[in-house]
Amino acid sequence: MTSRKTILFSEIEELIKGLNTETISSERKTVLQPLIDFIQKKVRENLEIRINFICTHNSRRSHLSQVWAQTMANYFNIKNVSCYSGGTESTALFPMVAKTLQNSGFQIKKISEEKNPIYSIKYANNEHPIIGFSKKLNDNFNPKSEFVAVMTCSEADGGCPFITGAEKRIPITFDDPKAFDNTPQQAEKYNERSVQIATEMLYVFSQINS
């Protein structure tokens, strides 16, 4: 029986339709290719696909990557994909990240109010929400083996040459929007980074032959 394609929230669908993968340079596509190859191999072998996006503080880029990758996997109806995120240390999911995702059409609900709050992040009515909070990369919430570690910041990439349990380690780094915190450009720059990550995850999953 053919599984049905996930119906994303309409605002997210419209945003995705407006993304242009032609804006990705050939050099950047080369950076993305190992992740495409990893996913394609798992799809071909009908295996679980676990992707852990790792940054230093697990507060910005790794969360945006996790959310957009999970969303794009469902957009292209690629099954058995579970996306995670972690850091070399835990801090908190930065509120501007949640606001940026909310402005993109995600339903965001804060389900705890502690120092490191927990967010429910929904992209479709009938799919489990993504649970967003800051955690170390080896937290029990994350897989212990049979996953790919995607390094989303150069600091974590340089500081973690080996990720315990990872089948593969792939650097796909992004500029940190934190540089624009508390400036008039903050919202614009967070959205710019979110759109870049969304576009690149759109490209990655569009290349998968399922």
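Biologist: What follows helix H4, and what is its phi?

Modeller: Helices and strands here are DSSP runs, numbered from the N terminus; a helix (H or I) has at least four residues and a strand (E) at least two. H4 is followed by Gly 105, whose phi is positive, near 115°. This is a predicted model: local features need pLDDT of at least 70, side-chain atom pairs count only at pLDDT 80 or more, and totals for chains, interfaces and linings use all residues. Residues are numbered from 1 along each chain as its sequence is written, and side-chain values use heavy atoms, with hydrogens and water left out.

Biologist: Which residues of H4 are buried?

Modeller: Buried means under 20% relative accessible area, exposed means over 50%, and partly exposed is in between, with a 1.4 Å probe and protein chains only. In H4, the buried residues are Met 96, Val 97, Ala 98, Thr 100 and Leu 101. Met 96 counts as buried because its relative accessibility is 15%. The cover over the buried residues of H4 includes helix H3 (61-75), strand E3 (107-110), strand E4 (119-122) and H6.

Biologist: What does Met 96 contact beyond its sequence neighbours?

Modeller: Contact means heavy atoms within 4.5 Å. Leaving aside neighbours within four places in sequence, Met 96 is in contact with Gln 186, Ala 187 and Tyr 190. Lys 178 is 82 residues from Met 96 in sequence, yet their C-alpha atoms are 9.7 Å apart.

Biologist: At what angle do H4 and H6 cross?

Modeller: Axes are lines fitted to C-alpha atoms, for helices over the stretch in contact, and angles run from 0 to 180 degrees between N-to-C directions. Under 35 degrees counts as roughly parallel, over 145 as roughly antiparallel, 65 to 115 as roughly perpendicular, and the rest as oblique. The axes of H4 (residues 95-103) and H6 (residues 186-206) come within 10 Å and cross at roughly 70°. H4 and H6 are therefore roughly perpendicular to each other. From H4, the contact uses Met 96, Val 97 and Thr 100; from H6, Gln 186, Ala 187, Tyr 190, Asn 191 and Ser 194.

Biologist: How does H3 lie against H6?

Modeller: The H3 and H6 axes come within 9 Å and cross at roughly 40°. H3 and H6 are therefore oblique to each other. On the H3 side are Arg 61, Leu 64, Ser 65, Trp 68, Ala 69, Met 72, Ala 73 and Tyr 75; they meet Ser 194, Ile 197, Ala 198, Met 201, Leu 202 and Phe 205 in H6.

Biologist: Which residues have the most contacts inside the largest nonpolar core?

Modeller: In soluble globular proteins, nonpolar side chains tend to be buried together. A nonpolar core is a set of buried Ala, Val, Leu, Ile, Met, Phe, Trp, Tyr and Cys residues joined through side-chain atoms within 4.5 Å. The largest one has 51 residues, and Leu 35, Ile 39, Ile 51, Trp 68 and Phe 205 have the most contacts inside it. H6 gives the largest share of this core, eight residues. Apart from it lies another core, of ten residues, among them Ala 149, Met 151, Cys 153 and Ile 163.

Biologist: Where is Ile 51, and what does Ile 51 touch?

Modeller: Ile 51 sits in strand E1 (residues 49-55). It counts as buried because its relative accessibility is 0%. Not counting residues up to four places away in sequence, Ile 51 touches Leu 35, Ile 39, Ser 82, Cys 83, Tyr 84, Val 148, Val 150 and Phe 205.
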